[in-house]
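The entries follow in the order in which I looked things up.

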Amino acid sequence: MAATAGRAAVAELKKAVRKVAKGRLAALAPDAKSKQSAAVAEALCGSPHFVEATSVAVYLSMAEEVDTDAIIRRVFESGKRCYVPRFKGDKMDMWTAESVDDIAGFPRGKWDIVQPEHDLETRVSALGNDGQVDLVIVPGLAFTEDGGRLGRGKGFYDRFLSTLRERASELDRPRPAAVGIAFGEQRFDEVPTDQYDVTLDAVVFGE
């Protein structure tokens, strides 16, 4: 009974923090988002996590998120393998993309996000035996300086990161790093978490 009450309390706290974070994002002007997105891309792409990675999994951004277009260009320009999300039901996997033009040709799927749908037999899954990811760039609503993260409540990235790291361990591969990127307005002193929430290795803020 106490455990159930504890989970309910954490869920209510998460709901409250999400509301605050969404309010801050709604008040953020487009030019501020662009400026901070550029700063995030510069800082992330100069970081050891990115420089030393040979393969990077990166989300395809929505309007209220840090824009990842510049990061994706740097992934390809650096000759790294690029993985992008594909959602199906309550699961998310990451599949290889070959170029910026390849991504531009993706159809729109869940939440109106473009994602790979066709020719999957020619792509590599991050969770497959041939998939290897050194760095996962993670979106979210609220973050702390020490890697705490609150997502949108669906658990896609927590499940994906847990599975990806389990697969890396099984295949005796290096543990994939997970780095969050966020606007300064998404910085919180603390965020509520439970046992299913994955702590990130680092967070890059726009300001």
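I looked first for charges over rings, meaning NZ of Lys or CZ of Arg within 6 Å of the ring centre and within 35 degrees of the ring normal. I found the charged end of K80 over the ring of F50, 5.0 Å from its centre. The charged end of R159 sits over the ring of F156, 5.6 Å from its centre.

I note that the model is predicted: local features need pLDDT of at least 70, side-chain atom pairs count only at pLDDT 80 or more, and totals for chains, interfaces and linings use all residues. Residues are numbered from 1 along each chain as its sequence is written, and side-chain values use heavy atoms, with hydrogens and water left out.

I next searched for aromatic pairs (Phe, Tyr and Trp rings, the six-membered one for Trp, with centres within 6.5 Å; planes under 30 degrees apart are stacked, over 60 edge-to-face, the rest tilted). The count is one. The ring centres of F87 and F156 lie 5.0 Å apart and their planes meet at 75°, so the pair is edge-to-face. It joins distant parts of the chain, 69 residues apart: F87 belongs to strand β2 (residues 81-88) and F156 to helix α6 (residues 156-170); helices (H or I, at least four residues) and strands (E, at least two) are DSSP runs, numbered from the N terminus. Both F87 and F156 are buried, that is, under 20% relative accessible area with a 1.4 Å probe, protein chains only.

I then listed the contacts of L135 (heavy atoms within 4.5 Å). Beyond its neighbours within four places in sequence, L135 touches H49, F50, A53, S55, V56, A57, A177 and V179.

Methods: Buried < 20%, exposed > 50% of the residue type's maximum accessible area, 1.4 Å probe, protein only.
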